[in-house]
Amino acid sequence: MSVSPPSLAPASRARLGTHTSPAIEARGLRRTFGPTVAVEALDLTVERGEIYGFLGPNGAGKSTSVRMLCTLLRPTSGHARVAGFDVVHDTTQVRLRVGVALQEAALDAGQSGRELLELQARLFALPGSLARRRIAELIELVDLGDAIDRRVGTYSGGMRRRLDLALALVHEPEVIFLDEPTTGLDPVSRRQVWTEVRRLNEHDGVTIFLTTQYLEEADALAGRVGIISGGQLVVEGTPDELKRSVGRDVVVVTIDGEMAAAHEALRALDIVEHCEAVGDELVAAVASGPAAVPRIASALDGLPLTIREISVRRPSLDDVFLEVTGARLGASAGAVR
Amino acid sequence: MNASLDPAIVMPAPATDVADRLSRREARRAGLLRDLIVVARRAVRQVVREPAAIIPALVIPVFFFVVNVGALQKLAGAAGTTDYAAFQLPVAVISAVTGVSRANALVTDIATGYFERLLLTPVNRLALLLGLMVADLVVVAALCLPVLVLGALAGVSFATGPAGILAFVAVAAAWGVAYTGFPYAIALRTGSAAAVASSFILFFPLLFLTTAFVPKAALSGWLATVSDLNPMTYVLAALRSIVSDGWQAGPLLQGVAAIGIVGTISITLAFLALRGRLAGR
């Protein structure tokens, strides 16, 4: 389950994108801002037709990676090809083939939704009849109805996000980058975005690169997930592979008292595959939760602490995250707000 | 986009819906001219929707004109300037068109991320700035009209006739656009609306250390020297010659040259700032 990138495309394919090349291919992609290393050395391959979930906390390097892959930011070193084209040398070819919805909906509040869609269609030189048909489809798709002729300044957050997504789709991109597409959205809007992402992938065959802080989102949508931490891709696989790697069960023990000693005691148990301490919780990966609970309880017996709760559950992506980074993704992780 | 580079054309696409869709790819670069029109249209639409942004450009010239003519007409008459309203009309038009730009809208685009949304399209990067300047040209030309009405009300007539009125608007509008490079350079360098507003300060020495109030012959000492070096002196002289003296090549050419020099400097600064903002992308 370690990151093992396939070999780079041969030089003969250097300038010409092909529909058989991976949708996204990054090798040693690095970006620094002064002394700060935002992305360390990203190796990544996303095949065409995939939904790839790029998971990590704030500041992990998700957005910087996306900005490099969609030509907004030049890598300090390394290479990447998107839709078969180099993100530094063939920027126009990349831009013609990718759609991007960044974290904040980037809109002009003084124009109507339709005007922004038309402007986008013109900049991609779509012929008039095609542009009109495409815009009508998108208005339907993102469910903006009559609001499309109102100024964007009057839109709610969810409407703005949906219009932003529509703008990213005007030119029928092959690869779509969605940078935290549902952050700050209400549950209903979030589900709408999920439905649309699935439809684009299944119906139109669009490759989707999705960054998210929400484990549930990656779990629900992504065929494969990569976890980025400290500017590096630390683990990659299908959600099931990743969860299985943690163990078949997870035992969570909440305690009051001496955490370090308790952590030590659990790590010493042969049935515990991994154990991490987070706040007042010990999270132990085991082969069988019900069998492990009595042994864990007795290992803690006699230590200067009180057990408040012991629970057993299936591993989540959050447990994967905890294991590879030593930290939880955040209190809000996985919750549909 | 070079069609021969289109993979859909050189590669046989697999017979799937997806490949079929990709092979029908219609998106391409629109080209500089079409990009320019798209950017300019949006910018003009913004001005029409937010007229408050150009209200100062409507009020300030009226203020200057009324106050200057009211206060100085007799004095100027005594000094030999017979038609002071005609002498002041160029000052009014210059104060209408100078500093009018879409730089604040550009700052807003940078702040909201819409500028990046545009950068994600294949739009020609030069069009992002040139399109705004085309819109500025339309706006400043329109701003000349109320000044012309003001002049007509004050009894100013053009020695060069109707063609002279067009030339007057053309010179004033060219000056207005030549000046826009400064606020755009500041907008692109700083992304700050306050900094853009401060670019107006440049305008004061340009307008006051020149022949705005009295003819060149009446200036003395250091002010005469400074006004000789001030490009605005030549722009005002060109406009005044159109209004009062008839067609005269000398002042017209000098005025156009002054606009050319200022425009070259300011627009160079603006494009350097654009390049700076795009560097690293």
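Of the 281 residues in chain B, 41% are buried, a residue being called buried if 20 or more other C-beta atoms lie within 10 Å of its own, exposed if 12 or fewer do and partly exposed in between, with C-beta atoms placed from the backbone. This is a predicted model, in which local features need pLDDT of at least 70 and side-chain atom pairs count only at pLDDT 80 or more, whereas totals for chains, interfaces and linings use all residues. Residues are numbered from 1 along each chain as its sequence is written, while chains are lettered from A and ligands numbered from 1 in the order in which they are written.

View 1. Chain B has 14 helices and 0 strands, where helices (H or I, at least four residues) and strands (E, at least two) are DSSP runs numbered from the N terminus. Among contacts in chain B between residues at least 6 apart in sequence, 77% join residues at least 24 apart, two residues being in contact if their C-beta atoms, placed from the backbone, lie within 7 Å. The mean pLDDT of the chain is 86, and 90% of its residues reach 70 or more; pLDDT is the predictor's confidence in each residue, from 0 to 100. Within chain B, confidence is highest in helix α14 (residues 249-278), at a mean of 96, and lowest in helix α1 (residues 7-10), at 34. Over residues 1-16 of chain B, pLDDT stays under 50, and the model has 23 contacts beyond four places in sequence for this stretch. Where pLDDT is low, the predicted coordinates should not be read in detail. The model scores ipTM 0.83 and pTM 0.81.

**View 2. Helix α13 of chain B and the glycine that follows.** Helix α13 of chain B (residues 231-245) is mostly covered, with 14 of its 15 residues buried. The expected span of a helix is 1.5 Å times one less than its number of residues, so the 15 residues of α13(B) should span 21 Å, which agrees with the 20 Å between its end C-alpha atoms. G246(B), which follows α13(B), has a positive phi near 85°.

**View 3. The surroundings of G176(B).** G176(B) is placed in helix α9 of chain B (residues 161-190), and it counts as buried because it has 27 C-beta neighbours inside 10 Å. Not counting residues up to four places away in sequence, G176(B) touches V97(B), T98(B), V100(B), D136(B) and V140(B). Between G176(B) and A279(B), which are 103 residues apart in sequence, the C-alpha to C-alpha distance is 28 Å.

View 4. Four strands of chain A form an open sheet in the order β2-β1-β4-β5, with antiparallel pairing; two strands pair if DSSP finds at least two bridges between them. Strands β2 (36-46) and β5 (85-86) of chain A stand at the edges, each with a single partner strand, so one side of each is left without a neighbour in the sheet. Strand β1 of chain A (residues 24-33) pairs with β2(A) in the antiparallel sense over 7 bridges, and T32(A) stands opposite V37(A) in β2(A). Helix α1 of chain A (residues 62-69) lies across β1, β2 and β4 (77-82) of chain A and runs at about 120° to β1(A); axes are lines fitted to C-alpha atoms, for helices over the stretch in contact, and angles run from 0 to 180 degrees between N-to-C directions.

**View 5. The buried side of helix α8 in chain A.** In helix α8 of chain A (residues 239-246), the buried residues are P239(A), L242(A), K243(A) and V246(A). They cover an arc of only 95° around the axis, which puts them on the same side of α8(A), the arc being that of the directions from the helix axis to the C-beta atoms. These buried residues of α8(A) pack against elements of chain A including β9 (224-229), β10 (232-237) and α11 (317-325).

**View 6. Strand β14 in chain A.** Of the 9 residues of strand β14 of chain A (residues 305-313), the number buried is 0, so the strand lies largely in the open. Strands β11(A) and β14(A) run antiparallel and are joined by 8 bridges, with L305(A) in β14(A) as the bridge partner of G257(A).

View 7. E172(A), found in the loop between α5 (157-169) and β7 (175-179) of chain A, has a phi near 50°, a positive value in a residue other than glycine. E180(A), in the loop between β7 and α6 (187-204) of chain A, has a positive phi of about 45° although it is not a glycine. E172(A) counts as buried with 20 C-beta neighbours inside 10 Å, and E180(A) is buried with 22 other C-beta atoms within 10 Å.
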